[in-house]
Structures are given as C-alpha cells and as structure tokens.
Amino acid sequence: MNQAHTLPASALKQFWLKWRFHLNILLVLIPLGFMPKYFADAKLFRGDAGLGANVIRDIQVGPYRLDLAELRDEAPRANGPAGYFKQFNAALCTQCVEGAKAVYLRVGKPRSLRAAGTLFFGPAYRMGTSLPVPARTRPDAALWITIEGWDGQLHQASVPLAKASPATVAWLEQQGGKK
C-alpha cells in the first residue's frame, strides 16, 4: 500500500499564499506616491509651469532683454568628478530672437568669448544650461550673461548670484570656502 504523504508547505509559501493579493496591491500603490512630482517635472519641462524658480525678468544685456530662472530652487548637484552643477533656464524677448546668435552664462566675469561660460541650448523662448558652480565660489559672486549677436558684437550684463539663486548662496555659505 502506497500512501501519498504530502509535505507541509514552507513558511515562505504559506506567507505568499496568504498575503500575495495585498503585496501586489502595494506594488501598484507605491509608484502612485511619486506621480505628483513626475507630473510637476513634466509640466516644468514642457514650459507650462514657466521657466522655473526665482525668475528674474527683463535683464537688459546690450540691445537684448531676457528672463533668467533656476530650474529648481535647490542647491547645486554633484556630477561626479566634474564638480557641482546648477541648471538655469532663459528666454529671450520676442524682438531679440532674430539678432542673438548665442547666449552664455558664467559665474564671475568672463575674460574673453573663449571663457564666456556655458552655452544655452534649445529654443530661444526656453533655453537651458547646466552651470558649473565651484565649491570655492564666494557667496557675493555674480552671474554674467554674455550675448553674441549675428553681427559679431558681444554684450554683457551681470546678476547677483543671491538674486538668481538664493539656494546656491546658502549652499556656498554652508561650504564655508572648502576646496
């Protein structure tokens, strides 16, 4: 007489059989918690939420005018060995679009066009750049905007870093001049 003996289920299998429905519901609900940030970022990148945080309107750079804003109101992010970067957006005025060839952004006054800073990219009404921010930058530093026209002329203007990005200034003060 062969009698089939069934082995008792392991504790893990019992747990799975008892809680599998609840665990699967949890796996569906967890991503829903991240959806508001996702939709806010998508709205910002589409331009429906404006340029970003701390918008400075009508900065006069020679014959050009532009709006400048930091993408997010937060400290610069580390990008591996390249250092810390802060993302900025800019928009040229509607009359300035045809005359501007390139727009640059830099911490500190540029010595020449070769050192003008990071180049803004994208459409003229929503340009973006990642600006390197050295950890040893003084909190009273200025952001310099350089616009090169199609006629070859360069125009520059500065904006205090404290006005453009208070979060970056707070981060620099926290760094305390570290190198």
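## Basis of the model

The model is predicted, with local features needing pLDDT of at least 70 and side-chain atom pairs counting only at pLDDT 80 or more, while totals for chains, interfaces and linings use all residues. Residues are numbered from 1 along each chain as its sequence is written, and side-chain values use heavy atoms, with hydrogens and water left out.

Helices and strands are DSSP runs numbered from the N terminus (helices: H or I, at least four residues; strands: E, at least two). Two strands count as paired if DSSP finds at least two bridges between them. Strands of a sheet pair through backbone hydrogen bonds, either parallel or antiparallel.

Strand S4 covers residues 84-92 and is joined to S2 by five bridges, the two running antiparallel. Within this pairing, Leu 68 has Ala 90 in S4 as its bridge partner. S3 is also antiparallel to S4, with two bridges between them, and Ala 78 is partnered there by Tyr 84 in S4. S3 and S4 make a hairpin with five residues between them, and Gly 80 in the turn has a positive phi of about 65 degrees.

## The open sheet of four strands

Another group of strands forms an open sheet, in the order S6-S5-S8-S9 and with antiparallel pairing. Its edges are strand S6 (118-119) and strand S9 (154-160), each of which pairs on one side only. Strand S8 (residues 142-149) runs antiparallel to S9 and is joined to it by seven bridges. Leu 143 is placed opposite Val 159 in S9.

## Salt bridges

Side chains of opposite charge can pair when their charged atoms come close. Here a salt bridge is a side-chain nitrogen of Lys or Arg within 4 Å of a carboxyl oxygen of Asp or Glu. This rule gives seven salt bridges. Exposure is described by relative accessible area: buried is under 20%, exposed is over 50%, and partly exposed is in between (1.4 Å probe, protein chains only).

One of the salt bridges links the side chains of Asp 58 and Arg 65, at 3.4 Å from N to O. Asp 58 is exposed at 51% relative accessible area, whereas Arg 65 is partly exposed at 32%. Glu 74 and Arg 77 form another, at 2.8 Å from N to O. Glu 74 has a relative accessible area of 26% and is partly exposed; Arg 77 is partly exposed as well, at 47%. A further salt bridge joins Asp 140 and Arg 138 at 3.1 Å, N to O, and both of these residues are exposed.

## Arg 72 and its surroundings

Arg 72 lies in the loop between strand S2 (64-70) and strand S3 (77-78). With a relative accessibility of 22%, Arg 72 is partly exposed. A network of salt bridges links Arg 72 with Lys 37 and Asp 41.

Leaving aside residues up to four places away in sequence, Arg 72 touches Lys 37, Asp 41, Phe 45, Ala 53, Arg 77 and Lys 86, where contact means heavy atoms within 4.5 Å. Arg 72 and Ala 167 are 95 residues apart along the chain, and 9.3 Å separates their C-alpha atoms.

Strand S1 spans residues 53-61 and contains Asn 54. Asn 54 has a phi near 55 degrees, a positive value in a residue other than glycine, and is partly exposed at 30% relative accessibility. Asp 58 is also found in strand S1, and its phi is near 50 degrees, again positive in a residue other than glycine.

## Trp 16 in helix H1

Trp 16 belongs to helix H1 (residues 11-32) and is partly exposed at 41% relative accessibility.
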